[in-house]
Amino acid sequence: MAEPQEGGLLHGDQPLARAELLATGEAIARMQERPGAIAWPDGHVDAWDHIECAMALSACGLREPARRAYRWLRETQRADGSWPRSVTAGRVTDPAAESHHAAYVAVGAWHEYLVTGDERHCMVMWPTVRRAVEWALALRTPRGEVGWERDAAGLPGTYALLSGCASIHQSLRCAVALAKLADDPRPDWELAADRLGHLVARHPEAFADKSRFAMDWYYPVLGGALRGPDAAARLAAGWDTFVVPGLGVRCVSDQSWVTAAETCELVIALDACGRREQALEVFASVQHLRHQDGSYWTGWQFDNQAPFPRERSSWTAAAVVLAADALTGFSGGAGIFRDASEGAGRDEDRVGCGCEARDAVGEPGATSLR
């Protein structure tokens, strides 16, 4: 088993050569099961990571495996609009379902349209997207955040996740675009996206405290709820906690472990803020995890100087491809994260949540960042 490579793979100002990107896409395709599912190294499939892999396949021009991945989603979606949290070899191994997993099919379907321009495929995916989004939005609280799951008994989760809701915010923006393309406008989804983006940007108290995880740090930017000075301030606030210079981004703040997927998602968030030089530098830092066949080790335990876990995951490779695409624009879907901020931060989103009252008396709490 080859060890991680040393050094980066920058070519001028390009993060990876086209042949290197294609090798990474083909590494994902080799992990795809015959029915179309793209599993974790342990064999289980979840819809969110599966969709990310489908997006990477499409960005690399691997149309047939990408379409098989989307067909698998259509064929395995449950009647209520959700997917099981875990499926292994076609068998449900965890029947619970997560809201951001379901909603993310809208991002995948819209990305496929941006890459291929295939409106027919959008219409084929539209009923799947519609059911999934409605299922996720049924987990909203009166305030507007989305509970993170329905358990195996169908009971809603008792809290919402900041990273999950930031992802759902992007999903809703993509779902609204798909609805317009399908001539089936969903203004209620647009309102839900406005409110959710506002909560993610300004109301950390609406979410369970998972601040030791890097995803809670950068996802409000990645999902489009924060842009401009607020995004810059949030990224700056967590930089020293999570970024290990020359190695990548810690998955959790208290562990000596960097992961390629979190690193590449930060790259996309930096790109969305216009911080290209920083994004290129961070992207280069994780290339030590590249394997000779184009796949990527999931992470690196830098105290032990060893891959951890000792696996090369499909979704890690997918995150690398999507980050490289964001930086170089080699596919039509390169801007899907950059454009997720459409409509974010509008003043009317504050009405009814208390921000307008606090602002009226000069209290800064509504805009503070955790």
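This is a predicted model: local features need pLDDT of at least 70, side-chain atom pairs count only at pLDDT 80 or more; totals for chains, interfaces and linings use all residues.
Reader: Why is Ala54 called buried?

Author: Buried means under 20% relative accessible area, exposed over 50%, and partly exposed in between (1.4 Å probe, protein chains only). Ala54 has a relative accessible area of 0%, so the buried label applies. Ala54 is found in helix H2 (residues 47–59).

Reader: Which residues is Ala54 in contact with, leaving aside its neighbours within four places in sequence?

Author: Those would be Ile38, Ala66, Ala69 and Tyr70; contact here means heavy atoms within 4.5 Å.

Reader: How many disulfides does the rule give?

Author: The rule asks for a pair of cysteine sulfur atoms within 2.5 Å, and the count comes to 0 disulfides.

Reader: How do you know that the length of helix H7 agrees with what it should span?

Author: Helices (H or I, at least four residues) and strands (E, at least two) are DSSP runs, numbered from the N terminus. The expected span of a helix is 1.5 Å times one less than its number of residues. With 20 residues, H7 (residues 162–181) should span 28 Å, and its end C-alpha atoms are 29 Å apart, so the two agree.

Reader: What makes H7 "mostly covered"?

Author: Of its 20 residues, 17 are buried. Just after H7, Asp183 takes a positive phi of about 55°.

Reader: How do you know that strands E8 and E9 pair?

Author: Two strands pair if DSSP finds at least two bridges between them. E8 (residues 257–259) and E9 (residues 299–301) have 3 bridges, in the antiparallel sense. In one of these, Thr259 has Gly299 in E9 as its bridge partner.

Reader: What makes E6 and E10 edge strands?

Author: The open sheet has 5 strands in the order E6-E7-E8-E9-E10, with antiparallel pairing. E6 (243–244) and E10 (306–307) each have a single partner strand, so one side of each is left without a neighbour in the sheet.

How values were computed: Residues are numbered from 1 along each chain as its sequence is written. Side-chain values use heavy atoms; hydrogens and water are left out.
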